[in-house]
There are 2 protein chains.
Amino acid sequence: MSAEARVVNGAVNSWKQVIARADKAFAGLSAEQLQKEVAPGKNRLIYLLGHLTAVHDSMFAALGLGERLHPELDAIFLSQPDRAVETLPSVTELQAWWSAVNARLTAAFAGLTAEDWVQKHALVSEEDFAKEPDRNRLAILLSRTNHVSFHLGQTVLART
Amino acid sequence: MSAEARVVNGAVNSWKQVIARADKAFAGLSAEQLQKEVAPGKNRLIYLLGHLTAVHDSMFAALGLGERLHPELDAIFLSQPDRAVETLPSVTELQAWWSAVNARLTAAFAGLTAEDWVQKHALVSEEDFAKEPDRNRLAILLSRTNHVSFHLGQTVLART
């Protein structure tokens, strides 16, 4: 494998590792356990699960990888803070969507070369990208990976 | 710039962004503010600052980038949990070491090519690396970047 393919592989592996950690943090939690807050008065685990799913679902459009699966999540888990919306999707639904979104993203990543990763993402204009070529798909991948880690650091506070 | 160099650039940029966020989270905090816990009974901010500095200082050896600056931090911030050691380095010292370690690492990263990044790191044996070539320097960089994000997610709980 070329150095080019290996560096891309490294970035995708980092995503996979962090997703696996998040799977572990959220999988198999009961509806009651998902009501726990990461700190007093802060986000509940169920909100973080929905929030991460919404953010990852929005990556399909940002990366030009097709239609997203659950645009309805944004109104609950992105544009509103926790507890603003009273009725959330069920735990079973959220856990299934989390897995499905990540599985489809990860499968799509497998087909991308280094050249694909350094292309413009959909959230930046052609003009801005010409000036700032670092605003590419890879930057989205690495930023979203760190975003999961950010919230994972919070989930461990709720659970121990 | 080649796609290969851009991917590497993206990984180093991600590190820089996360370090800048951590700088913001810790810079200018008073000794009293650094005594805050991220959640009741959990790590204090000052411990996280020392912990992250110790982990980053150990990256010099892991990445083969020269001698580390503060090996004495491990006994306080890595092998022991918060509050196990009574007397910590001063806040001024910790903040200066945090900046110095990261500045030196980031400067060293600027000299590494994609080929350098996919070389074996020092924490894996030649045999294991032959079987698992993904255990390279880039994996350490991405993993440590996510480690900062993990703890950053906690620091915001203490501060808001």
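The legends below describe close-up views of a predicted model.

**Figure 1. Packing of helix α1 against helix α2 in chain A.** Helix α1 (residues 3-26) of chain A and helix α2 (residues 45-57) of chain A have axes that come within 11 Å and cross at roughly 150°. Because angles over 145 degrees count as roughly antiparallel, α1(A) is described as roughly antiparallel to α2(A). The crossing of α1(A) and α2(A) is left-handed. From α1(A), the residues in contact are A:W15, A:I19 and A:F26, and from α2(A) they are A:L45, A:L48, A:L49, A:L52 and A:H56. Sorted by class, the contact of α1(A) with α2(A) comprises seven nonpolar residues, one polar residue and no charged residues.

**Figure 2. Packing of helix α1 against helix α2 in chain B.** The axes of helix α1 (residues 3-26) of chain B and α2(B) cross at roughly 150° and come within 11 Å. This angle makes α1(B) roughly antiparallel to α2(B). The crossing of α1(B) and α2(B) is left-handed. Helix α1(B) contributes B:W15, B:I19 and B:F26 to the contact, and helix α2(B) contributes B:L45, B:L48, B:L49, B:L52 and B:H56. In the contact of α1(B) with α2(B), seven residues are nonpolar, one is polar and none is charged.

**Figure 3. Packing of α1(A) with α1(B), between the two chains.** The two helices, α1(A) and α1(B), pack at an angle of about 30°, and their axes lie 9 Å apart. Angles under 35 degrees count as roughly parallel, and α1(A) is therefore roughly parallel to α1(B). Helix α1(A) and helix α1(B) pass each other in a left-handed crossing. On the side of α1(A), the residues A:A3, A:E4, A:V7 and A:V8 take part, and they meet B:A3, B:E4, B:V7 and B:V8 of α1(B). By class, six residues in the contact of α1(A) with α1(B) are nonpolar, two are charged and none is polar.

Figure 4. Residue B:Q154 is placed in helix α8 (residues 137-159) of chain B. B:Q154 counts as buried because its relative accessibility is 4%, and the cut-off for a buried residue is under 20%. The side chain of B:Q154 is joined to the side chain of B:H151 by a polar contact of 2.8 Å. With neighbours within four places in sequence left aside, B:Q154 is in contact with residues of chain A, namely A:G153, A:Q154, A:V156 and A:L157, and with B:V38 and B:L48 of chain B.

Figure 5. Residue B:T53 belongs to helix α2 (residues 45-57) of chain B. With a relative accessible area of 0%, B:T53 is buried. When residues up to four places away in sequence are not counted, B:T53 touches B:L73, B:L94, B:W97, B:W98 and B:V101.

**Figure 6. Position of A:T92 in helix α5 of chain A.** Residue A:T92 is located in helix α5 (residues 91-109) of chain A. A:T92 counts as exposed because its relative accessibility is 62%, and exposed means over 50%. A:T92 and A:A31 are 61 residues apart along the chain, and their C-alpha atoms are separated by 8.7 Å.

Figure 7. Most residues other than glycine have a negative phi. A:R83, which is not a glycine, has a positive phi of about 80°. A:R83 is found in the loop between α4 (74-77) and α5 of chain A, and A:R83 is partly exposed, with a relative accessible area of 41%. In chain B, the phi of B:R83 is likewise positive, near 80°. B:R83 is placed in the loop between α4 (74-77) and α5 (91-109) of chain B, and at 40% relative accessibility B:R83 counts as partly exposed.

**Figure 8. Contacts of B:A122 in a loop of chain B.** Residue B:A122 is found in the loop between α6 (114-117) and α7 (126-131) of chain B. Apart from neighbours within four places in sequence, B:A122 is in contact with B:A61 and B:A62. The C-alpha atoms of B:A122 and B:M1 are separated by 29 Å, and the two residues are 121 residues apart along the chain.

Methods
Residues numbered from 1 in each chain as written. Chains lettered and ligands numbered in written order. Predicted model: local features only at pLDDT ≥ 70, side-chain atom pairs only at ≥ 80, totals over all residues. Heavy atoms only, no water. Axes fitted to C-alpha atoms, helices over the stretch in contact; angles between N-to-C directions. Helix = DSSP H or I, 4+ residues; strand = E, 2+ residues; numbered from the N terminus. Parallel < 35°, antiparallel > 145°, perpendicular 65-115°, else oblique. Left-handed = near helix turned anticlockwise from the far one by under 90°. Contact = heavy atoms within 4.5 Å. Nonpolar A, V, L, I, M, F, W, Y, C, P; charged D, E, K, R; others polar. Buried < 20%, exposed > 50% of the residue type's maximum accessible area, 1.4 Å probe, protein only. Polar contact = N/O pair within 3.5 Å; in protein donor to acceptor, adjacent residues only side chain to side chain.
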